[in-house]
Amino acid sequence: MKAPPGEPCLDLRTTLETLRPILESLWARGYRVLLYAEGNWDAHLSAFAELPDRSIIFHVDRSDPFLAHKVLGHKFCISGGLPNTLLARGTQDEVRDACK
């Protein structure tokens with residue numbers, strides 16, 4: 001079944017019920033998790049906000065980094081913000097322009 005346009009096609013809250021104990025176990029042992037959010041996860045940011053404070057570093061690939069910071073920045077470190085395709089295939093000037 002395909003989700004309607006603009007609606008998430010994944011119930012991330014169900015997935016996080018499985019992921020949460022794993023993250024909490026790693027966190028309790030002193031590890032930090034770099035959660036690489038490949039693609040655009042804007043529709044799911046509020047679900048990620050349900051994870052324990054400081055339990056992940058949320059790496060933004062194609063999500064809006066400003067929206068990710070607004071929703072998650074009070075709980076997690078936010079990294080990234082540039083698409084990997086730009087970093088891999090873009091010119092130096094294109095990457096610099098995207099950072100402005």
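**Figure 1. Cys77 is partly exposed, with a relative accessible area of 45%.** Buried stands for under 20% relative accessible area, exposed for over 50%, and partly exposed for the range in between (1.4 Å probe, protein chains only). The model is predicted: local features need pLDDT of at least 70, side-chain atom pairs count only at pLDDT 80 or more, and totals for chains, interfaces and linings use all residues. Residues are numbered from 1 along each chain as its sequence is written, and side-chain values use heavy atoms, with hydrogens and water left out. Cys99 is exposed, at 51% relative accessibility. The closest cysteine sulfur to that of Cys77 belongs to Cys99 and is 16 Å away, too far for a bond. A disulfide is a covalent bond between the sulfur atoms of two cysteines. Here the term is used for a pair of cysteine sulfur atoms within 2.5 Å, and the structure has zero of them.

**Figure 2. The protein has five helices and three strands.** Helices (H or I, at least four residues) and strands (E, at least two) are DSSP runs, numbered from the N terminus. In sequence order the pattern is α-β-α-β-α-β-α-α. The C-alpha trace spans about 45 × 40 × 20 Å along its principal axes. Of the 100 residues in the protein, 29% are buried.

**Figure 3. Strand 1 and strand 2 (residues 56-60) run parallel and are joined by five bridges.** Two strands count as paired if DSSP finds at least two bridges between them. Tyr36 stands opposite His59 in strand 2. In a regular strand the side chains alternate between the two faces of the sheet. In strand 1, Val33, Leu35 and Ala37 point to one face and are buried.

**Figure 4. Trp41, Phe48 and Phe58 are linked into a cluster by ring pairs.** A pair of aromatic rings is described by the distance of the centres and the angle of the planes. Rings of Phe, Tyr and Trp (its six-membered ring) pair if their centres lie within 6.5 Å; planes under 30 degrees apart count as stacked, over 60 as edge-to-face and the rest as tilted. By this rule there are two aromatic pairs. Trp41 and Phe48 make an edge-to-face pair, with 5.7 Å from centre to centre and 70° between the planes. Trp41 and Phe48 are both buried. The centres of the Phe48 and Phe58 rings are 5.1 Å apart and their planes are at 65°, so this pair is edge-to-face. The pair links distant parts of the chain, with Phe48 in helix 2 and Phe58 in strand 2, 10 residues apart. Phe48 has a relative accessible area of 3%, and Phe58 is buried at 0%.

**Figure 5. His44 lies in the loop between strand 1 (33-37) and helix 2 (45-48).** His44 is buried, and its relative accessible area is 10%. From C-alpha to C-alpha, His44 and Leu67 are 11 Å apart in space, and they are 23 residues apart in sequence.

**Figure 6. Lys75 and Asp53 meet through their side chains in a salt bridge (3.2 Å, N to O).** Lys75 is in the loop between helix 3 (65-72) and strand 3 (77-80) and Asp53 is in the loop between helix 2 and strand 2, so the pair ties together parts that are 22 residues apart in sequence. A salt bridge is a side-chain nitrogen of Lys or Arg within 4 Å of a carboxyl oxygen of Asp or Glu. The whole structure has three salt bridges. Lys75 is buried, with a relative accessible area of 14%, whereas Asp53 is partly exposed at 42%.

**Figure 7. Arg96 and Asp93 form a salt bridge between their side chains (3.7 Å, N to O).** Arg96 and Asp93 are three residues apart in helix 5 (residues 92-99), so about one helical turn separates them. Arg96 is partly exposed, with a relative accessible area of 49%, and Asp93 is exposed at 52%. The side chains of Asp97 and Lys100 also meet in a salt bridge (3.5 Å, N to O). Asp97 is partly exposed at 49%, while Lys100 is exposed, with 79% relative accessibility.

**Figure 8. Ile22, Leu26 and Tyr31 make a nonpolar surface patch of about 280 Å².** Patches are made of residues with over 30% relative accessible area and no salt bridge; like charges are joined within 9 Å, and nonpolar side chains (Val, Leu, Ile, Met, Phe, Trp, Tyr) within 5 Å. Accessible areas come from the Shrake-Rupley method with a 1.4 Å probe, and for residues only the protein chains shown count as cover. Ile22 is in helix 1 (residues 12-28) and is partly exposed, at 45% relative accessibility.
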